[in-house]
Amino acid sequence: MKLSGSTALVTGANRGLGRHFATALLERGAKKVYATARRPEQVDLPGVEVLPLDITDPDAVAAAARAAGDVDVLINNAGITTPQPLMTGDLGEIRRELDTHFFGTLSMIRAFAPVLGGNGGGAIVNLLSVLSWRTFPGSGGYAAAKAAQWSLTESARLELAGQGTLVAGVILGATDTDMMAGWDVPKNDPAEVVRTVLDGVEQDLLEILADDAAVATKAGLPGDVRARYPELS
Ligand SMILES: NC(=O)c1ccc[n+]([C@@H]2O[C@H](COP(=O)([O-])OP(=O)(O)OC[C@H]3O[C@@H](n4cnc5c(N)ncnc54)[C@H](OP(=O)(O)O)[C@@H]3O)[C@@H](O)[C@H]2O)c1
């Protein structure tokens, strides 16, 4: 997948990783970048095409697919985090996690798959998380939604292979954006994460481990569950 000359659409491009993706895609020579946002007036990047888009609004998703029929790279970046434990957390917020990460991403892929297919196949990049592969106390809602989004990524890859669409899943840990503002932990530089992801897309990687936390989490998966969860011992 060559990003130079591509036409990309980024969700949640007004801030955080999405803003970095839109900037980096232009720097890599993308012909056009649709920077989409729930509040499009917040997109402050020169040289992008701004579109309003809430990924949980089916009409807005359909309108975006009609307006951006030239897209061949879709970056499903938009996300939220609501610290909800599954046993005691707010069910409405837990549903919102799934509405955003699972149903929102699915809705985007279903709307844009024919667009990508018509434009030669292209690529879909889904921003997953180390929490797709393990959970932390108090993050059950987010982790369940990110795990569902991981499985959706695997299915979409199989279902779209026939039309030549590369579907890449990105696993990453704590990164320095608003999402992690309240957390006093070591964080990745978002520009570096985006560079790693776009390098991976250009190498046709299906799974992009964007940082050491992603590599360590993957390495721990075949081991005993208790070894992965010190909280249990
Ligand atoms: N930062 C991390 O440590 C980390 C780690 C692992 C994975 N991730 C994933 O990386 C992605 C980007 O996260 P980030 O760190 O850049 O978060 P962020 O700084 O909080 O930005 C989130 C972006 O998503 C947008 N968004 C949320 N819900 C949306 C919706 N329904 N429709 C359209 N846009 C929506 C937000 O728009 P508004 O401005 O309108 O709210 C904002 O632009 C997310 O999928 C997140 O789960 C992040």
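The legends below accompany several close-up views of a predicted model.

In this predicted model, local features need pLDDT of at least 70 and side-chain atom pairs count only at pLDDT 80 or more, while totals for chains, interfaces and linings use all residues. Residues are numbered from 1 along each chain as its sequence is written, and side-chain values use heavy atoms, with hydrogens and water left out.

**View 1. An open sheet of 7 strands with parallel pairing.**
The strands follow the order E3-E2-E1-E4-E5-E6-E7, where strands (E, at least two residues) and helices (H or I, at least four) are DSSP runs numbered from the N terminus, and two strands pair if DSSP finds at least two bridges between them. Strand E3 (49-52) and E7 stand at the edges with a single partner strand each, so one side of each is left without a neighbour in the sheet. On average, and with direction ignored, neighbouring strands of this sheet are turned by 20° against each other; axes here are lines fitted to C-alpha atoms, for helices over the stretch in contact, and angles run from 0 to 180 degrees between N-to-C directions.

From E4 the chain crosses through H3 to E5 in a right-handed β-α-β crossover, a term used if, with the strands pointing away from the viewer, the path from the first strand over the helix to the second runs clockwise.

**View 2. Strand E6 (residues 166-171), with 6 of its 6 residues buried.**
In a regular strand the side chains alternate between the two faces of the sheet. Leu 166, Ala 168 and Val 170 are buried on one side of E6, and Val 167, Gly 169 and Ile 171 are buried on the other. Strand E5 (residues 123-127) runs parallel to E6 and is joined to it by 5 bridges; among the bridge partners are Ile 124 with Val 167 and Val 125 with Ala 168. E5, helix H4 (residues 140-160) and E6 make a right-handed β-α-β unit.

**View 3. Strand E6 and strand E7 (residues 207-209), paired in the parallel sense over 3 bridges.**
Gly 169 stands opposite Glu 207 in E7. The chain passes from E6 through helix H5 (residues 190-202) to E7, and this β-α-β crossover is left-handed.

**View 4. Helix H1 (residues 16-27) and H5, with axes that come within 9 Å.**
The two axes cross at roughly 55°, and H1 and H5 are therefore oblique to each other, given that angles under 35 degrees count as roughly parallel, over 145 as roughly antiparallel, 65 to 115 as roughly perpendicular and the rest as oblique. The contact (heavy atoms within 4.5 Å) includes Leu 17, His 20 and Phe 21 of H1, and Val 193, Val 194 and Val 197 of H5.

Definitions and conventions
Buried means under 20% relative accessible area, exposed over 50%, partly exposed in between (1.4 Å probe, protein chains only).
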